Amino acid sequence: GLWLAAVSLATVVASPRIAPIAEDGYSEVISTRLVYPHKDVGFAFSPAPFDEPPTHAVALGGSHVAMLTAAGRLYVTASTSAADVDGGPLAKPTPDIYPMDVTPALDLSRDGVCITEGGGSTLVALVPAAESAGGEATSSSVYVLDCDQRERRCQQRRVAAMPSSADAVTSCASAAIADGNGAGDGAGDAVLVVLAGTGSGPLIYMSGMAAMEPLVLHDANEDGAPVDAVDIIHAPCDGSSLFLAVATHNRLFYAEAPPLGEGVQRKVLDELAWKSEWVSRITDATGGAVDAPVASLGFQAGPCTEQSAHGAQSGMRLWVGGSFGLQVLDLDWGIFHRVDGATYNFQYGALPYGNVTFVAPAVHTSEHALGHHLSGAVGPMWVGTAAGLARVTPGHANPAEWRYMYGPRWLPGDESAQSRYEVRLLAATKDGSGAVAVTDSGVAVLRVARYTFENKADMYQRVVPLRHNRYGLVSDCALATPGDVDSFVLTDSDNDGLWTSMYVASQVFRYAAVVDDEQEKLDALNEVTEHFQAVMTLFDMTGAKGFPARSFAQAGDADFDPSHWHNSSTHAGWVWKGDTSSDEIVGHMFLYSVIAHVVPPAREAPAHPLADVRAQAISKAQELMAAIVRANFTLVDPFTGQPTTWGQWQPERINGDRDFSDQNGLNSLQIVAWLQAVLGMTEHVALRAEFEGALEYLYSQGYNTNLLNAKVTTPDDVNYSDDELTMLPYYTYLLMAGAGRKAKADGNRHGNEQSDSWADGGAAVLCSIARTWSEGVGAQRSAMWATIHAAVVRSLLEGDTEGIRGSGDDTADMWLACGGGGAHDVEQAIRDQIDADIEDIAWSLQQWPLELIEWPSRNSQRRDVAIAHDVGRFNEAMATRVLPANERSQPRWNGDPFTLDSWSGGGTAEVDPGPWLLAYWCARWNNLV
């Protein structure tokens with residue numbers, strides 16, 4: 001049984017996954033951030049076309065948003081909908097807001113003006129009275145603005161008066177109903193109904209009325225009371241019903257008007273059967289069904305349904321936002337659902353932040369806006385808060401999951417200001433596929449785009465040659481101007497060898513995984529060839545056989561520290577960085593193992609385009625490991641003649657040095673994995689004997705026991721960089737396990753024969769990865785680590801399905817005992833684990849941010865996140881669950897995914913896309929996505 005632990009993944013990588021996930025597209029939010037010209041937020045965002053915050057924002061047409069500034073200028077966004085993308089944003093997006101002329105001229109700068117959408121491409125403007133230049137008073141009026149986005153012009157027409165005694169309008173909303181007789185004054189002669197809130201009660205207007213009139217709420221205490229918010233919606237199911245809502249300081253009123261047919265009458269609205277609920281009064285703790293004074297209201301129509309036992313279901317809901325959070329009123333049942341961070345609701349999720357300033361629900365459903373095909377689902381919901389923006393699609397087939405957008409990745413703002421990233425104004429398109437959020441610093445135009453993993457991979461792939469190729473090495477780039485990718489500066493890093501090796505490995509997997517796209521295979525081949533040579537140059541620069549530099553550069557590139565940088569003896573005018581660490585060797589050996597395993601040997605495919613690369617990789621792996629073995633399992637720096645700081649795997653240090661005890665299991669795993677891998681590449685008899693002898697010696701020193709407990713987590717010392725230095729060697733070992741066994745006489749590298757000397761090693765590695773996974777790596781939801789884990793676990797199932805169905809199978813039981821879990825049905829436990837890994841792979845790949853800039857982030861203010869009792873390695877606050885990568889700061893797989901706040905990045909660097917590309921293409925090659 002134990003030999004299964006070392007089953008070569010070559011026997012399973014081409015097998016169908018256990019639970020295929022249809023990757024037919026998912027939603028990405030793309031934000032264009034524009035800053036008011038007089039504001040300096042510290043990041044290179046484009047300037048907004050106006051210098052003051054808009055006072056109103058409303059949907060216009062199907063995919064535009066109109067904004068009105070305090071100066072009375074009207075602006076409209078270009079289409080905020082985003083169809084299927086190809087490549088996505090590569091650099092700063094350009095401004096996409098333009099002014100609209102209103103003719104004849106109309107003064108919209110007066111205090112108390114309110115605009116709302118009027119259906120189609122029309123707006124409604126409620127304009128209070130004002131004195132003209134000649135001292136004459138103008139009347140308060142209702143105007144309809146027929147807008148033509150192509151001509152960038154709105155034609156205004158006055159349709160009604162407003163009461164001269166009306167106070168300034170605090171909020172307004174409208175609905176347009178096609179009644180079939182052409183008697184309306186809305187878009188396409190639709191009947192227009194306008195609802196307005198003022199300081200002395202609500203007003204109503206309907207096509208055909210000469211003036212807006214007070215709307216009677218039939219409540220003696222509330223008629224004439226100041227109105228906080230209003231909303232109105234035309235029900236889509238029957239074509240003509242109206243739902244209205246009015247919030248005063250004390251009560252929330254709502255009503256449904258019966259279907260309004262031809263010749264609609266004003267009296268219908270006078271006879272509404274209003275329902276109401278008390279609004280909680282915070283000052284004296286007087287409670288009500290509504291949690292807090294209302295800041296914003298928004299109706300949302302659900303899917304039209306058939307008759308039920310309860311009667312006809314409208315599917316209508318009313319979102320109510322206030323300082324205590326969000327509530328949803330189900331108008332079919334009269335039930336309030338609280339949406340906050342303290343409790344989770346399948347349909348509405350858990351709101352990330354509670355102080356709601358605006359709600360902007362999609363008023364109808366759109367497949368594009370949803371990002372997936374859900375019959376009967378409700379459209380998305382945008383929520384502005386005092387600390388950022390949030391978006392959710394209410395749960396239907398799947399539970400609701402909020403996206404939280406705080407900080408410069410999403411919004412223009414100033415972390416040092418009291419308001420920070422407070423959303424002062426918010427409007428969404430009708431289907432929720434776009435939105436505009438206004439802060440004190442500027443405007444964010446947000447689009448929901450449909451992406452696939454192939455789109456995302458293509459976008460990332462284009463970034464590498466633009467900003468991340470320095471002499472063939474792939475790594476981060478600095479940004480001279482924070483947030484401005486056009487200001488990039490190529491710089492070296494301590495781990496250029498590791499990052500470049502991971503990138504080259506991604507391209508090897510890419511070449512092997514792509515079957516029917518010759519151009520993509522050619523592109524992958526070119527990337528492998530170019531950047532692999534840079535990896536080889538890391539050895540050439542040092543002039544020492546088997547010793548790679550951390551990095552290299554031309555001597556004139558910078559003022560290099562001579563204690564770390566040395567002149568190359570083989571390349572005049574070049575310098576290399578020494579004290580190479582175990583991190584670099586992890587990357588090198590991972591890459592060479594991938595190449596040796598994925599690319600067929602010359603005897604099988606002598607004309608393979610990567611045959612020379614494979615030969616070089618094998619030669620360099622042998623050279624590197626021979627140097628380490630012959631230096632008593634250390635990496636000796638040729639400049640100092642001493643082992644490097646972290647390049648030490650000798651038993652004296654691993655087993656006997658207390659200061660190195662954190663590395664005991666980790667470094668034991670590394671050296672065992674590398675020796676196993678290099679054995680799989682070596683046919684030379686003497687060299688094989690040397691590596692076999694080294695491995696046997698390390699086993700005699702207890703390395704196969706040491707590696708069982710590779711992950712160290714206490715005291716408060718969860719080193720996520722060490723997770724990378726653990727998971728990559730796991731894959732290195734298990735990828736080459738079959739090849740590393742004593743080969744059959746015919747030299748078949750995939751032979752399953754092995755001696756007992758390898759059995760304990762394979763069992764120990766399998767047990768170790770099971771423990772490491774259960775010790776916290778699994779909770780990180782990393783696409784890269786989940787891919788490695790799923791491939792390993794699947795080898796149990798597909799290596800010998802029949803052999804593990806009973807509880808007596810040693811290998812499967814060992815996996816469960818070492819951390820895989822407990823179950824009576826071992827096979828089902830394995831299948832469940834693979835399914836869970838595949839879900840995490842897809843989730844992680846989807847949530848990786850489109851922008852790779854190291855934006856600062858803050859999540860400690862969230863209500864939906866539990867803060868861990870323990871702190872991180874640097875005393876930082878930690879979450880108990882991993883948040884999506886695009887809501888936090890973790891640019892690589894070796895970062896801490898649980899850290900809540902990270903304001904140190906400052907937008908001054910862009911990380912290369914290698915980590916995502918490696919996870920994606922490795923998963924593709926393993927048939928996991």
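Predicted model: local features only at pLDDT ≥ 70, side-chain atom pairs only at ≥ 80, totals over all residues.
Good morning. I begin with a salt bridge between Arg862 and Glu887, whose closest N and O atoms are 2.7 Å apart. Arg862 and Glu887 both lie in the loop between α17, residues 826-847, and β41, residues 909-910, so the pair ties together parts that are 25 residues apart in sequence. Both partners are accounted for in the same way as regards solvent: Arg862 is buried, and so is Glu887.

The protein chain has 929 residues, of which 61% count as buried. Its secondary structure comprises 18 helices and 41 strands. If we take the contacts in the chain with a separation of 6 or more, residues 24 or more positions apart account for 64% of them.

I return now to the salt bridges. In total, the count comes to 34. As a general point, side chains of opposite charge can pair when their charged atoms come close. A further example is the salt bridge between the side chains of Asp864 and Arg881, at 3.4 Å from N to O. Asp864 and Arg881 are again placed in the loop between α17 and β41, so this pair ties together parts that are 17 residues apart in sequence. Arg881, at 37% relative accessibility, falls between 20% and 50% and so counts as partly exposed.

The side chains of Asp912 and Arg892 meet in a salt bridge, with 2.4 Å from N to O. Asp912 belongs to the loop between β41 and α18, residues 914-925, whereas Arg892 belongs to the loop between α17 and β41, so the pair ties together parts that are 20 residues apart in sequence. Asp912 and Arg892 are both buried. Beyond these pairs, there is a network of salt bridges that links Glu415, Arg420, Arg858 and Asp901.

I turn to the packing of helices, taking α4 and α5 to start. Helix α4 covers residues 496-513 and helix α5 covers residues 518-542; their axes come within 8 Å and cross at roughly 155°. The two helices are therefore roughly antiparallel to each other. The crossing of α4 past α5 is left-handed. On the α4 side, the residues that meet α5 include Tyr503, Val504, Val508 and Tyr511, and on the α5 side they include Leu525, Val528, Phe532 and Val535. By class, this contact has ten nonpolar, five polar and five charged residues.

What is the relative direction of α6 and α9? The axes of helix α6, residues 582-598, and helix α9, residues 664-681, come within 10 Å and cross at roughly 30°. α6 and α9 are therefore roughly parallel to each other. Their crossing is left-handed. In α6, the residues Ser582, Ile585, Val586, Met589, Tyr592, Ser593 and Ala596 meet Gln670, Trp674, Ala677 and Met681 in α9. These contact residues divide into eight nonpolar, three polar and no charged.

Ser593 is buried, with a relative accessible area of 0%. Leaving aside its neighbours within four places in sequence, Ser593 is in contact with Ala677, Met681, Thr732, Leu735 and Met736.

The crossing of α7 and α10 is left-handed. Gln622, Met625, Ala626, Val629 and Arg630 of α7 meet Leu687, Glu690, Phe691 and Ala694 of α10. The contact divides into six nonpolar residues, one polar and two charged.

At 1% relative accessibility, Ser241 counts as buried. Ser241 and Ile177 are 64 residues apart in sequence, and their C-alpha atoms are 8.7 Å apart in space. Thank you.

Terms used:
Residues numbered from 1 in each chain as written. Heavy atoms only, no water. Axes fitted to C-alpha atoms, helices over the stretch in contact; angles between N-to-C directions. Helix = DSSP H or I, 4+ residues; strand = E, 2+ residues; numbered from the N terminus. Parallel < 35°, antiparallel > 145°, perpendicular 65-115°, else oblique. Left-handed = near helix turned anticlockwise from the far one by under 90°. Contact = heavy atoms within 4.5 Å. Nonpolar A, V, L, I, M, F, W, Y, C, P; charged D, E, K, R; others polar. Salt bridge = Lys/Arg side-chain N within 4 Å of Asp/Glu carboxyl O. Buried < 20%, exposed > 50% of the residue type's maximum accessible area, 1.4 Å probe, protein only.
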